[in-house]
Amino acid sequence: MTAQTEPLAAKKAERAPRRSGWKSIRKNWELYVFVLPTMAYFIVFHYFPMYGLQIAFRDYTPSLGIWNSPWVGLENLQRFFDSYYFWTLIWNTIGISLYELAVGFPIPILLALALNELRNGTFKKWVQTVTYAPHFISVVVMSGMIIAFTSPSSGLINLAIKALGGDPIAFLSEPGWFKSVFVFSGVWQSMGWGTIIYLAALAGVDPQQHEAAMIDGATRLQRIWHINLPSIVPTMVILLILNVGSFMSVGFEKVFLLQNPLNLEASDVISTYVYRSGLVQGQFSFSAAVGLFNSVINFILLLTVNRVAKRLNETSLW
Amino acid sequence: MNREARSDRVFDVVNKLFLFCVLIIVLYPLVYVVSASISDPVYVNQGAMWLFPKGITFEGYQRVFQNPEIWAGYANTILYTVAGTSINLLFTLPGAYALSRKDLKGRGIMMGLIVFTMFFGGGLVPTFLLVSGLGMMNTVWALLIPNAVAVYNLIICRTFFQMNIPKELQESAEIDGSSNTMLFLRIVLPLSAPIIAVMGLYYGVTHWNSYFSAIIYLKDRSLYPLQLILREILVQNQMSDTMLMTGDDMEAMAKQARIADIIKYAVMIVSSLPIIVVYPFMQRFFMKGVLIGSVKG
């Protein structure tokens, strides 16, 4: 992750002086041995599947294999576009991602700004240690907690609702609740961890700026707004771009676990659909086409946001 | 001056109050799970137990530990975590070091190829076909090799090497006539203990918590990692009879349902135990990874 703000000239100067190519390679041959397994891994497990994506345009049958199955062009994609669940999947995928972005993105920023105002002490340490902890809870346990807590008969949340005189809500069987349950449980789990990177940026703020502002009579809130917040904008932009980079893949692992036949109309996203139609039902070509569609949209989104950020803010991934 | 000082004091109080609320919101569900796991399920299901354990019983834990599948899952997960993390380090550290060296030809292209995979990939189906084509189906290798390197971790390592291994070390090693391998093993690695710890923890936690590869690649129950057993108990609500067994009459049936709940809370704690134990001591290492990752990569 990088904020490329330094001038290009400085980067060029960093490079080692040019030696004649072969001599350097022969001298450092071991480095190429070091990097070989890593590169081999990426070629085999990342680039080879990209090449294998061509089954999206074939009619794959296991007996013929990837390379001999007949070409069918855009038939698989066409079938996906024409299917009645197409818009449901798109809406769920984008809906959950946007919801998550709208709620999950600002909260760690707010939290980091608030934490930064605390003097280092026991209380700060407590807040940090406790709020970071849920980050390490596995998705399975997390989903188990959500299911247990939202149980209409004995779940903590519904017990509270009943104690307050309300009627219990079946959060996971009513489609209308799915997205909120997904997003807010995600906020609970990751808001603390998300502050670390902002706190690091805030630690880099020059104290003299604050001193000068204090002399001018600025209040705490004014200083946070005019000094601290602007100082973390580059970090925010980078994280936003990275966020968009996984926009279409929506926390697949958690959606998958929380999904059930009753909430499917609100919880079925492209990635879970790919899993079901591909690996469960064995429609390899069709689901590869759906997956490809998803990746391409995602990649286009990423390029767009990166470009916009570059233009507006001079901060970008590359 | 006084007026402003007062507004700052008000801010301070409000801010602390806000953070206190956040602290409670995060802490409460965690405490509740712990308390529920050792409370009589009757109280838990009625809402009579809401903070401190009530009617203390360790029956949930007893039943969890009686279940041989949990033990087997635990053993498998430990094996996958240790083996997987070792493979991760083997594929990540030397590569990251080489890629951190400015005199590596083509490192720009190589980094470009690696980073690109963060944003675009073949996706589930082609990867699945590849792994099954390589004959890894229903073997441990399917959990270990296809995730041998995480791009983000590689970038963290590379950044660490760039920032912490001075060029002078490399030059003096060259003058001494020691090879790059010696340099890496004798000098670079010993200087990189913190990053090795960070990587070990990140990869280790990932292996411990992962379940999806196991769903798609493993068929044999005896190979299941802990998280898959957990999924059956917590998400699919399937528990083996031996775990629930209380008797045959009607009363026993009602008791079974209650026991199912306490088992769920107990199993959450049991499965997270290693991380709960390690976390307080390793917190600064976990954080360090994020910090290095946030610097220029």
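## Interface of chains B and A

In this predicted model, chain B and chain A bury about 8,600 Å² between them, with carbon and sulfur atoms giving 75% of that area. Buried area is the accessible area (1.4 Å probe) that two parts lose on being put together, summed over both. K105(B), F119(B) and Y211(B) supply 8% of what chain B buries against chain A, more than any other three residues.

In contact (heavy atoms within 4.5 Å) are 97 residues of chain B and 97 residues of chain A.

## Polar links and makeup

The interface of chain B and chain A holds 2 salt bridges, a salt bridge being a side-chain nitrogen of Lys or Arg within 4 Å of a carboxyl oxygen of Asp or Glu. D12(B) forms a salt bridge with R220(A), with the closest N and O atoms 2.9 Å apart.

Helix α1 (residues 2-37) of chain B gives the largest share of the side that touches chain A, 20 residues; helices here are DSSP runs of H or I, at least four residues, numbered from the N terminus. That side of chain B has 63 nonpolar, 22 polar and 12 charged residues. Ala, Val, Leu, Ile, Met, Phe, Trp, Tyr, Cys and Pro count as nonpolar, Asp, Glu, Lys and Arg as charged, and the others, Gly among them, as polar.

## Annotated spans

For chain B, an unreviewed UniProt entry places "transmembrane region" at several spans, including residues 13-34 and 140-161; such annotations may be inferred rather than shown by experiment. Residues 13-34 of chain B are 100% helix and 0% strand (strands are DSSP runs of E, at least two residues), with end C-alpha atoms 31 Å apart. Residues 140-161 of chain B are 68% helix and 0% strand, with end C-alpha atoms 32 Å apart.

## Basis

Residues are numbered from 1 along each chain as its sequence is written, and chains are lettered from A and ligands numbered from 1 in the order in which they are written. Local features need pLDDT of at least 70, side-chain atom pairs count only at pLDDT 80 or more, and totals for chains, interfaces and linings use all residues, while side-chain values use heavy atoms, leaving out hydrogens and water.
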